[in-house]
Amino acid sequence: MRSRRRGSGSTGIRRPARNERIRGRADGIGRGGQLLIEAGHFALALALGLSVIQMVVPFWGARTNDPVLMGVGAPAAIGVFALVLFSFGVLTYAYVTSDFSLMNVYANSHSQKPMIYKVTGVWGNHEGSMLLWILILALFGALVAIARNAVPPKLRANTIAVQGSVTIAFLLFMLLTSNPFERIDPAPFEGRDLNPILQDIGLAIHPPLLYIGYVGFSITFAFAMAALIEGKIDAVWARAVRPWTLGAWLFLTLGISMGSYWAYYELGWGGWWFWDPVENASLLPWILGTALIHSTVVMEKRDALKIWTILLAILTFSLSLMGTFLVRSGVLTSVHAFAVDPDRGVYILAILVFFIGGSLALFAWRAPLLRQGGIFAPVSREGALVVNNLFLATACATVLIGTLYPLALEAVTGAKISVGPPFFNATFVPLMVPLLLLLPFGQVMAWKRGDMNGVAQRLAGAILISVVLTVIIYGFTYGGPVAAPLGVGLGIFLIVGSFNEIVTRSFTSGSGFRDAMRKARGLPRSTWGTVTAHAGVGVMVIGIAATAWSTERIVTMRPGDVQHVGGAYSVRLDSVFPRTGPNFQEDVARMTVFRGDRAIGQEETSKRFFPARNMPTTQAGLHTVGFSQVYLSFGEPQPDGSLGLRLYYKPLILLIWIGTLFMGLGAGIAMSDRRFRVGAPVRAKRDESASGTAPAPAE
Amino acid sequence: MRAFAIALTFAAGLALAGIATAPPAQAGPQPDEILDDPELEQRARALSANLRCLVCQNQSIDDSDAPLARDLRVLVRERLVEGYSDDEIEAFVVARYGDFVLFRPPFNVNTVLLWGSPILVFGAGALGLFLALRRRRDVAPSVTADLTPQERAELERILGEKSSGNS
C-alpha cells in the first residue's frame, strides 16, 4: 500500500496540489479500509475454493452413499454464502465511503450522490451486478442447505453439488473478467457518477428482484440435474421443487413488473412494455417458469409429465442464463446497454454452452430411465394443464425466435431486418387470448377424467356475468375501440372464473352461508394461491385492455394556459423554473390538474441534467385518480418561448401492475401451503417439546 | 455484423467521451410537427411506430428525438398530406433504407420461418402430444413400484440383513 502511494506521488508531479488532496483522501480512508477491501477480494477467491468442495464432496458422497461426505455440502454452501456476503458488504462499504481507489467505484459513483444511490450503485454496473448475482446464487445454495422440508438426503446432496458447480462458473467468470475489486492508481479525486437513468428507486430495486427470480430457477435446475444423476424422479421431487419454483417465479414477476413500471414513468412517454430484447430476456424465463409451475402440479398430484417437467426446469434456467448473457454481453444493443462489452460475452457464452449443452446432454442420456406415471384422459385437469404448457411453450418459442431471428438471419444470409413490437403483438397476443379464455375452464376441470357438461354447469354463472358486463361496458364506450371492452370482459371472466372455484367448492345446496365460509377458509392454501394469481392475471388484462382508451396530446403551453388532457381532465401550466438537486440541475414545470372546473391536485414534471455524465433524464408528473393516471411529461422549450409538453390520460393503467402484485401474492400464498412444509420440521418440533429442554435428541 | 461493429464503435466513442452509452432521451413528435387533420395524424403515428430510428437503439421514430427520426417523421407527414397511401409511404421508406427500417418485418423468403414459428411450434407440440397420448393409451399402466435398480438392491440388502439377524 505504502509503496503504491509513494508511486502515485512521483507520477503526479504535474499537478502536485491535486495529488496532495488525493493522498489526503487515501490516508483518510486509512489502511484499515484498504486492508478490508483486499480481504473482500480474497474472500471471493476463498469462496471459489470452497464452492469446488461444495460441488465435489457431496456429489461423491451421493455416489458412494456416504452420509458424512454428503453432509459436507450443507456447511460448504453456507460458507460460500458467508464469504460472498462479506465480499459484497466490503464493496458496499467502498461505495458508501466513496473509495475511488477502486476502479468500479470510480466509474460508477460520485461523492455528492445521495446515499441511497451510493448503495444501489453497487449493482448499477456490470461487476457489481455480477457480484449480486453470485450472492443470490450462494444464498439459494445456503437456503437449500438449511431448508428442513422433506428432501431425501441424496437428492439434497446432488442438488447442492450442482448449485456449487454453477457458483464456480460464475465466480471464475467474475474473478477473470469482471473483478469489482480492481484498483486504479493513483486514486482519482472524484468519481464519474452512476448512470442517471439508474438513479431512481424503481430501477434500484429492479435488479435484485429480477436476479432473485433468475437465480431462483437455478435451484429448480439443480434439482432437475440431481434427479437425472440419480435416475429417479417422483412426487416427492415435485413437492420439494415447487416452493422454490414458486418463490423464483414470484420474484421474477415482481422484478419484471417493477421494471415495466419504471419504464412507464421514467422513459417519459407512458409506454409500459416495449418488447425490447432485454425485456424479452426476462420475459422468456418467466413464461417458461409459469409453464413449469403448472407442470409440477401435474407431477405432484398425478405423477405424470415427468420428463417434460425436467426439460422445462432445464430450459427455464437456461433462459435465465441466456438473459444474463444477452444483457451482459451487449450482443443485443438496446436501452439497457450500459453493460456493453463483447469480451465478457465470450466467457458467458462458454458458461452458457457448458450448462445448457451439458444439462441437455445429461437429459438425453438419463431421461429415458425415468418412468412415466399416471395416465389421464385428454379432457381432464391434466389435459388442461398440458394445453396451458403447449400455449406457454409456443409463446416462449415465438418470443425467443423473434428476439434472436435478426441476429441469426444476418449471420446466415447477411440480410438485415428488425423485429419489433408489431411482430410480437401480432404473434404473442393471439397465443395468449385463447389460453386465458380456456383458463377458467381448466381450473374447474376434474383430475384424471373431466366432463364438459359438468364444467359448463359450474362455469355458467361466471360466463353469464362476464358476458353481461362486457355488453354493458361496450354500450357505455360505444364508438370507442372495440378491442377494449372485449379485453376488459376477458379480464372479468378470469377474475369471476377464478373465484368461481372457491364458490363451487365451498357452497353446496342445503348448507348455510356460515358453513360455506368455514369450508372456504378450510380450502388448501394452494387453491387460494391459484385463485389469487389467476384473478391477478384478470386484473392485469383489464389494465392492458384499458390502454386502448388512453389519450395523448402533444402541446405547447405558456404559464397560465389550460389544455384538455382526456376524459374529464385538463391541466394548467402554473410556472416553469430551474432548480438544483444534489447532483443534477433541472427545469421544472409545475402544473395544476383539473377535473371539470375543479382543481384536484398539483404535479411537477421536469427535465434533469446530470453534469457528471452530461446526460438528461425526464421526470414525469403523475396524478393518480383511483386506478387511472394523468401523465405529464416535460418536452422541449419552443423557439417562441413556450414549453412543449406531452399530456396523457391513462384510464385504469395501474391495474396492470396491481394485477402482477396479485399474481405474486398468489404465488406467495401457494408457497405457504402446509404440504410443502410437512415432514422433518414438524416432527422435530414435536420431539423437542416432548423431550423438554434436552439439548440434543437421544440416539 | 456491420451494424454490430458500428454500434461498438459508437459505444466505445461515447465511453471515451466520458458519457454513458444509450441516453434514452425520448421525445418523439414535436408540437410543430403535428398535422391539423386528426385522421392523417393518427395514420402518421401508426406509420411512425413501425419505422425504426436508424441511429438509435431499438426505438421507433415515434419515440426518438434524434434529428434523423425527426426528418423521417416530417417526411412521412408530408407524404400523407400529398395523399399517398400508407403502403406507398412504407414502400418509399423501405426503398431508401431497406427492410431493416421496418419493425414489423415483411413476409418473404427471409422471414418465412419467423412468421411461421408460432404455427410451426404449436403444430409440432400438438402433434407430439397427440402421438404421445395415442401411444400411452395402448400401453397398459405400469404398476411397478417406482424404484431404481440401485434402490432395489439396497432394499434387498437391508431386508437380507434383517432376516439374517432374526434367524
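**View 1. Strands S7(A) and S8(A) are joined by 5 bridges.** In this predicted model, strand S8 of chain A covers residues 628-637 and runs antiparallel to S7(A). Within this part of the structure, Leu622(A) stands opposite Tyr631(A) of S8(A).

**View 2. Four strands of chain A, in the order S1-S9-S8-S7, make up an open sheet.** The pairing in this sheet is antiparallel. Its edges are formed by strand S1 (551-557) and strand S7 (621-625) of chain A, each of which pairs on one side only. On average, and with direction ignored, neighbouring strands of the sheet are turned by 20 degrees against each other. In general, the strands of a sheet pair through backbone hydrogen bonds.

**View 3. Helices H3 and H6 of chain A cross at roughly 150 degrees.** H3 spans residues 67-96 and H6 spans residues 126-146, and their axes come within 8 Å. Because of this crossing angle, H3(A) is roughly antiparallel to H6(A). The crossing in which H3(A) passes H6(A) is left-handed.

**View 4. Residues of H3(A) meet residues of H6(A).** On the H3(A) side, the contact includes Gly73(A), Ala74(A), Ala77(A), Ile78(A), Phe81(A), Val84(A), Leu85(A), Phe88(A) and Leu91(A). Among the residues that H6(A) contributes are Gly128(A), Leu131(A), Ile134(A), Leu135(A), Ala138(A), Leu139(A), Ala142(A), Ala145(A) and Ile146(A). By residue class, the contact of H3(A) with H6(A) comprises 18 nonpolar and 4 polar residues, with no charged residues.

Notes:
Residues are numbered from 1 along each chain as its sequence is written. Chains are lettered from A and ligands numbered from 1 in the order in which they are written. This is a predicted model: local features need pLDDT of at least 70, side-chain atom pairs count only at pLDDT 80 or more; totals for chains, interfaces and linings use all residues. Axes are lines fitted to C-alpha atoms, for helices over the stretch in contact, and angles run from 0 to 180 degrees between N-to-C directions. Helices (H or I, at least four residues) and strands (E, at least two) are DSSP runs, numbered from the N terminus. Angles under 35 degrees count as roughly parallel, over 145 as roughly antiparallel, 65 to 115 as roughly perpendicular and the rest as oblique. A crossing is left-handed if the near helix is turned anticlockwise from the far one by less than a right angle, and right-handed if clockwise. Two residues are in contact if their C-beta atoms, placed from the backbone, lie within 7 Å. Ala, Val, Leu, Ile, Met, Phe, Trp, Tyr, Cys and Pro count as nonpolar, Asp, Glu, Lys and Arg as charged, and the others, Gly among them, as polar. Two strands pair if DSSP finds at least two bridges between them.
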